[in-house]
Amino acid sequence: MRSQQTFNEEEFEKLFREYFPYLCAFARKYVSDEADCKDIVHNVFLNLWQRHEGLDLSESLKSYLFKSVYNRCLNHIRDQKKILHKDLEYEPDALSAYAESNNYLEESELEMRIKRAVDNLPEKCRKIFILNRFQEKKYSEIAEIQGVSVKTIEAQMSKALKLLREQLIDYLVVLIILFQVYLGR
């Protein structure tokens with residue numbers, strides 16, 4: 001069932017103030033520049049205000065806002081990829097030389113960010129993650145060392161990987177875009 005969504009300026013302002021910080025934080029998962037995130041969220045609200053009379057929503061307004069921000073983030077990433085692709089329209093050899101010269105810096109930066117992200121994990125997660133990923137211990141071995149069940153180790157590893165993904169998302173998005181541009185040639 002579709003619901004008709006209308007609101008006055010005061011209600012809209014309240015909605016804006018309530019959701020703006022959450023939507024900006026959500027956008028930061030996909031777009032690394034804070035100003036771009038704010039622009040994206042502003043544009044979503046502007047569009048909502050322009051279309052608020054007679055707007056049909058099959059989902060809740062909150063879902064609509066988050067979905068709109070998500071879609072605009074994807075559009076932003078696509079547009080940035082086009083800009084990057086245009087900027088890198090050099091000869092393939094020049095692009096390869098540029099990539100190789102920056103390879104060491106990127107690797108050391110990535111290592112530093114991974115180390116920092118691992119250091120920021122909760123103590124229990126960090127110990128289990130290090131035992132598994134750096135010391136190559138199996139879950140059953142870690143469970144025995146820690147004196148807990150294998151299920152606990154699985155849960156802690158899931159938590160650690162989720163937290164690491166969240167902390168490294170900005171870096172991963174940039175790498176994905178660069179790989180797409182580079183491999184798309």
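Mentor: Gladly! Let's start with a definition: rings of Phe, Tyr and Trp (its six-membered ring) pair if their centres lie within 6.5 Å, and planes over 60 degrees apart count as edge-to-face. This is a predicted model, and it holds 8 aromatic pairs.

Trainee: What makes Phe-16 and Phe-45 an edge-to-face pair?

Mentor: Their ring centres are 4.9 Å apart, and the cut-off for a pair is 6.5 Å. The planes stand at 70°, which is over 60, so the pair is edge-to-face.

Trainee: Which parts of the chain does that pair tie together?

Mentor: Phe-16 lies in helix H1 (residues 9–27) and Phe-45 in helix H2 (residues 34–50), so the pair ties together parts that are 29 residues apart in sequence. Both residues also belong to one aromatic cluster with Phe-12, Phe-20 and Trp-49.

Trainee: Why is Phe-45 called buried, and what is Phe-16 called?

Mentor: Buried means under 20% relative accessible area, and Phe-45 has 2%, so Phe-45 is buried. Phe-16 has 24%, between the 20% and 50% limits, so Phe-16 is partly exposed.

Trainee: How many disulfides does the structure hold?

Mentor: The structure holds 0 disulfides. For Cys-24, the closest cysteine sulfur, in Cys-37, is 6.7 Å away; a disulfide needs the sulfurs within 2.5 Å, so that is too far for a bond. Cys-73 is in no disulfide either, with the sulfur of Cys-37 nearest at 6.0 Å.

Trainee: Is Cys-73 buried or exposed?

Mentor: Its relative accessibility is 0%, under the 20% limit, so Cys-73 counts as buried.

Technical notes: Residues numbered from 1 in each chain as written. Predicted model: local features only at pLDDT ≥ 70, side-chain atom pairs only at ≥ 80, totals over all residues. Heavy atoms only, no water. Buried < 20%, exposed > 50% of the residue type's maximum accessible area, 1.4 Å probe, protein only. Phe/Tyr/Trp six-rings, centres within 6.5 Å; stacked < 30°, edge-to-face > 60°. Helix = DSSP H or I, 4+ residues; strand = E, 2+ residues; numbered from the N terminus.
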